[in-house]
Amino acid sequence: MQDDITTIHGLSSAALAEVRRIERQKKDRWPGSIGSAMVRWRSFVHQPNRRLWEYESGGCTEWACCGDPWQAREHLEAVMLAMSRRRARELRNLVDALDRRY
């Protein structure tokens with residue numbers, strides 16, 4: 001799910017602009033990668049069998065294919081650390097809600 005534009009519902013336009021800037025600056029990111037990470041983490045924590053998923057036998061864990069939920073969560077954390085405190089708080093609120101569900 002690689003989009004040219006990252007959209008994360010619940011973030012202000014200023015926070016999205018920071019995410020896009022970080023995606024352009026980091027070598028291990030691409031346009032839309034953080035939106036993809038958010039979608040992957042959200043879909044994972046909403047799966048009823050999420051606690052049974054094991055890294056070694058959890059199926060396809062190729063980020064470019066299906067995505068690894070743990071890698072997605074790590075990407076989100078890295079971006080939150082790179083953002084300004086105010087804008088990171090917006091993303092942190094969304095991610096924390098998913099973390100609590102997990």
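Modeller: Start with a term: buried means under 20% relative accessible area. Keep in mind that this model is predicted.

Biologist: Is Phe-44 buried or exposed?

Modeller: Phe-44 has 0% relative accessibility. The cut-off for buried is under 20%. So Phe-44 counts as buried.

Biologist: How many aromatic pairs does the structure hold?

Modeller: Ring centres must lie within 6.5 Å to pair. By that rule, the count of aromatic pairs is 6.

Biologist: What kind of pair do Phe-44 and Trp-70 make?

Modeller: Their ring centres are 5.4 Å apart, and their planes stand at 70°. Planes over 60 degrees apart count as edge-to-face. So the pair of Phe-44 and Trp-70 is edge-to-face.

Biologist: How many residues apart in sequence are the parts that this pair ties together?

Modeller: Phe-44 lies in helix H2, residues 33–45. Trp-70 lies in helix H3, residues 69–82. So the pair ties together parts whose separation in sequence is 26 residues.

Biologist: What is the angle between the planes of Trp-70 and Tyr-102?

Modeller: These two rings form an edge-to-face pair, 5.4 Å centre to centre. Edge-to-face needs planes over 60 degrees apart. For Trp-70 and Tyr-102 the angle is 85°.

Biologist: Where does Tyr-102 lie?

Modeller: Its partner Trp-70 is in helix H3. The pair ties together parts 32 residues apart in sequence, because Tyr-102 lies in the segment after helix H4 (85–101).

Methods
Residues are numbered from 1 along each chain as its sequence is written. This is a predicted model: local features need pLDDT of at least 70, side-chain atom pairs count only at pLDDT 80 or more; totals for chains, interfaces and linings use all residues. Side-chain values use heavy atoms; hydrogens and water are left out. Rings of Phe, Tyr and Trp (its six-membered ring) pair if their centres lie within 6.5 Å; planes under 30 degrees apart count as stacked, over 60 as edge-to-face and the rest as tilted. Helices (H or I, at least four residues) and strands (E, at least two) are DSSP runs, numbered from the N terminus. Buried means under 20% relative accessible area, exposed over 50%, partly exposed in between (1.4 Å probe, protein chains only).
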